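Here's a quick walk through one protein chain, with an eye on which parts of the model deserve a close read. Have a look at the fold before reading on.

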Amino acid sequence: MLISFLKNVKWSARFPLNHADKAGRHGTVAISATRKSGLPHRSHVYLAGLSLMLASAAHADPDLLQLDVDGNIEYQAASPHNERIFTRQELLAMPVHTIQTSTNWTGSEVWEGPRLIDVLKKAGIRGSSIRVFAYDDYSQEIPVAFIEKYEPILAYRENGRELRLNDFGPLFIIFPRDQYRDELSTISNTRRFVFQVRRIEVK
Ligand SMILES: Nc1nc2c(c(=O)[nH]1)N[C@H]1C(S)=C(S)[C@@H](COP(=O)(O)O)O[C@H]1N2
Ligand SMILES: [Mo]
């Protein structure tokens with residue numbers, strides 16, 4: 001159901017046109033093998049319609065709020081692929097930090113979520129750089145020193161509302177851009193505002 005939903009996501013008008021293009025070009029979004037349901041094709045078609053209806057009824061996609069952290073992290077005895085999976089419940093239970101800032105796409109808004117560095121530490125990070133992967137197949141590398149310096153959050157809420165996939169959710173890396181306008185508004189640092197985050201690989 002999750003896969004069917006993702007394959008049929010309609011990109012909201014809030015995304016700039018180039019994102020609609022990107023979504024169109026990629027067609028479907030990549031999804032990890034662990035979440036494949038193995039349903040026959042016809043059920044997929046049926047469930048696609050159903051999940052779209054459910055998704056629009058619910059105005060959120062709570063199943064998506066999850067984060068996989070893998071790569072150069074502490075040994076995860078519970079995971080054969082050495083992944084540290086943060087469930088929705090765990091993400092919501094972590095200390096919440098607030099950043100009020102504008103972004104490339106929005107005016108000044110209130111963003112809430114755990115600090116990215118807290119999540120990385122909880123996964124037992126060993127490397128000095130991370131690569132963040134998004135549902136639209138975008139990925140971006142960010143040095144850990146940069147994360148320690150600017151303390152971005154993994155925002156799951158904007159102005160009190162949970163972020164949906166079509167408004168940058170389920171997780172959006174938000175840096176306090178308005179506080180460090182010169183440093184954080186450069187093109188190379190704007191690339192680090194990764195939205196639709198689904199996985200982080202530690203290098
Ligand atoms: N998930 C996701 N995050 C992303 C991107 C993207 O394509 N997908 N583009 C990045 C880049 S290259 C920049 S410069 C900024 C702004 O992207 P835009 O100008 O293409 O909207 O968002 C960054 N975050
Ligand atoms: Mo960019």
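What follows covers confidence, then the sheet, then the core.

First off, this is a predicted model. The protein chain averages a pLDDT of 81, and 70% of the residues score at least 70. Its secondary structure comes to eight helices and eleven strands. Among these elements, strand β7 (residues 153-155) has the highest mean pLDDT, at 99, while helix α2 (residues 17-26) has the lowest, at 37.

| Stretch | pLDDT | Contacts in the model |
|---|---|---|
| Residues 3-13 | below 50 | 27, beyond near neighbours in sequence |
| Residues 16-50 | under 50 | 32, beyond four places in sequence |

In what order do the strands of the open five-stranded sheet run? The order is β2-β1-β11-β5-β6, and the pairing is mixed. β2 (84-86) and β6 (139-143) stand at the edges with a single partner strand each, so one side of each has no neighbour in the sheet. From one strand to the next, the twist averages 20 degrees.

Zooming in on one end of that order, strand β5 (residues 129-134) pairs with β6 in the antiparallel sense, over five bridges. I130 has I142 in β6 as its bridge partner.

I130 turns up again in the core. The largest nonpolar core has 40 residues, and the ones touching the most other members are L67, V69, I130, F172 and I173. Which elements give two or more residues to this core? They are the strands β1 (67-71), β5, β7, β10 (172-174) and β11 (197-202), along with the helices α5 (116-122) and α6 (144-150). As a rule, nonpolar side chains in soluble globular proteins tend to be buried together.

Setting aside its neighbours within four places in sequence, V69 is in contact with N82, E83, R84, F86, V119, A123, I200 and V202.

Finally, some whole-chain numbers. Of the 203 residues in the protein chain, 47% are buried. Among contacts with a separation of 6 or more, 68% are between residues 24 or more positions apart. The accessible surface comes to about 10,200 Å², and 52% of it belongs to carbon and sulfur atoms.

Methods. Residues numbered from 1 in each chain as written. Chains lettered and ligands numbered in written order. Predicted model: local features only at pLDDT ≥ 70, side-chain atom pairs only at ≥ 80, totals over all residues. Heavy atoms only, no water. pLDDT = per-residue confidence, 0-100. Helix = DSSP H or I, 4+ residues; strand = E, 2+ residues; numbered from the N terminus. Contact = heavy atoms within 4.5 Å. Pairing = 2+ DSSP bridges. Axes fitted to C-alpha atoms, helices over the stretch in contact; angles between N-to-C directions. Core = buried A, V, L, I, M, F, W, Y, C linked by side-chain atoms within 4.5 Å. Buried < 20%, exposed > 50% of the residue type's maximum accessible area, 1.4 Å probe, protein only. Areas by Shrake-Rupley, 256 points an atom, 1.4 Å probe, with all protein chains shown as cover.
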